[in-house]
Amino acid sequence: PTPAHGTRVVVSPSNVVLGREAVTEVGEYADLYGSKALVIATPQIFDIHGDRVTENLQRKGIKTVTYTDVQPDPTVKNIEDAHRLWDEHDCDVIVTLGGGSSIDTGKAVGVLANNAGSIREFGVDRAGYEGVPNPIPPLIAVNTTAGTGSEATRSIVVTDSETSTKFLIVSKNVVPEVAIEDPVLTVSLPQSHTAFTGIDSLTHAIEAFVSVKSYGVPDDYARAAIRRISTWFPKAWANGDDIEARTEMMIGQLQAGQAFTNSSVALVHGMARPLGAQLHIPHGLANALLLPYVMDFSAMAAPEKYAEIARMFDVADDTDPDRTAAKKASEGVFELCADVNLSSYLDEFGDVPDRESYLEVVPKMAQDAIDSGSPDNNPRKP
Ligand code: NAD
């Protein structure tokens with residue numbers, strides 16, 4: 001139904017299973033929905049944790065078919081290949097193992113399973129928001145990063161290799177049925193990816209909070225996420241075996257996902273997607289490069305919100321007027337980025353072309369950012 005008269009729809013997965021060894025419950029949940037699971041993962045994560053998922057499924061008598069070729073920033077081909085397996089094997093439940101790349105592949109396979117058309121046709125640029133007519137089949141997302149929050153969101157991000165762009169699908173019909181949040185699975189995350197994924201979650205929380213679409217419910221998720229992530233992120237990064245820190249980060253990234261999916265992302269994400277698509281910079285790193293600068297650019301347009309962020313980061317206090325405090329908010333993020341060793345130098349990472357070809361690609365990246373619609377949600381319009 002279309003919300004009337006300014007009412008809001010708050011989306012959420014039906015079940016969130018959180019805590020040590022939550023992964024052992026995957027079979028019990030799958031058993032509620034079907035008897036043959038398509039398990040979707042990246043090769044790396046399947047090598048590390050695949051057995052834990054398939055054994056727990058098989059223990060409950062669930063047959064498994066596996067697709068383990070997901071690449072980070074999943075492509076149209078990944079989705080079509082996995083969907084082919086879904087059809088050929090007549091599966092009835094989707095289980096994803098991994099971070100945003102596995103989860104988004106699973107959601108997109110679900111879109112194709114229950115809707116006619118190619119995946120490109122469901123992008124917001126063609127179908128608009130809420131452009132997926134039928135809900136996806138039951139999807140159980142076993143999350144392994146902290147993270148994108150994709151296990152709780154109505155978004156799918158797909159890389160179109162032909163055009164070197166990332167496109168978005170947004171519909172409440174793609175929210176997973178079950179999110180399994182087992183912090184033990186995140187212990188194997190390399191330190192660099194703990195940093196990339198952690199800053200991604202902080203960016204979600206901050207962008208949701210300052211978005212022109214924000215309101216009470218996502219604001220509260222965002223506040224909780226910013227506090228939790230700013231406290232626990234450096235601890236989880238410094239000692240990846242610290243299960244308490246990993247648990248808090250898992251909760252923080254979930255709250256950040258719930259914040260942005262019920263509000264929106266904004267300019268940072270609009271610009272980060274072309275950085276990822278063109279320069280193959282990990283998504284979280286692209287966010288880290290942009291976030292403090294976009295905060296500086298935007299603070300003047302929403303001083304109360306940025307002042308609150310500055311106070312949460314302890315770089316301003318109640319004696320600072322909002323306008324003064326707001327200007328300090330990015331300092332907190334800069335400090336956090338330094339704590340987790342996220343360099344702000346673009347050319348230290350990724351496949352950055354020489355200056356001349358870089359300049360050639362900048363106008364396309366700027367246009368792609370604007371076309372994504374996310375910058376429209378920014379408090380200050382670029
Ligand atoms: P990812 O899923 O791409 O994983 C990154 C790498 O880390 C992969 O090589 C993966 O195999 C490995 N990995 C993941 N978990 C691991 C673990 N526990 N131990 C060891 N290795 C592990 O990373 P991500 O940041 O979670 O997802 C990024 C993708 O999610 C991007 O495509 C981004 O655009 C998308 N995204 C989606 C949403 C959404 O709401 N749908 C939101 C933000 C980002």
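Start by selecting helix α12, residues 322-339, which gives the most to a negative surface patch, with 3 residues. The model on screen is a predicted one.

Next, show the side chains of D296, E331, E335 and D339, the residues that form this negative patch. Keep E335 selected; its place is in helix α12. E335 counts as partly exposed because its relative accessibility is 47%, and exposed would need over 50%.

Select the loop between β5 (139-143) and β6 (155-160), where T144 is found. Is T144 buried or exposed? T144 counts as buried, because its relative accessibility is 4% and the cut-off for buried is under 20%.

The last two stops concern backbone angles. Most residues other than glycine have a negative phi.

Select E21, in the loop between β1 (15-18) and α1 (26-33). What is the phi of E21? The value is positive, near 65°, and the residue is not a glycine. With a relative accessible area of 34%, E21 is partly exposed.

Finally, move to S164, in the loop between β6 and β7 (165-170). S164 is also not a glycine, and its phi is positive, at about 50°. The relative accessible area of S164 is 28%, so this residue is partly exposed.

Technical notes: Residues are numbered from 1 along each chain as its sequence is written. This is a predicted model: local features need pLDDT of at least 70, side-chain atom pairs count only at pLDDT 80 or more; totals for chains, interfaces and linings use all residues. Side-chain values use heavy atoms; hydrogens and water are left out. Patches are made of residues with over 30% relative accessible area and no salt bridge: like charges are joined within 9 Å, nonpolar side chains (Val, Leu, Ile, Met, Phe, Trp, Tyr) within 5 Å. Accessible areas come from the Shrake-Rupley method with a 1.4 Å probe; for residues, only the protein chains shown count as cover. A salt bridge is a side-chain nitrogen of Lys or Arg within 4 Å of a carboxyl oxygen of Asp or Glu. Lys and Arg count as positive and Asp and Glu as negative; His and the chain ends are not counted. The place of a charge is taken as NZ of Lys, CZ of Arg, CG of Asp or CD of Glu. Helices (H or I, at least four residues) and strands (E, at least two) are DSSP runs, numbered from the N terminus. Buried means under 20% relative accessible area, exposed over 50%, partly exposed in between (1.4 Å probe, protein chains only).
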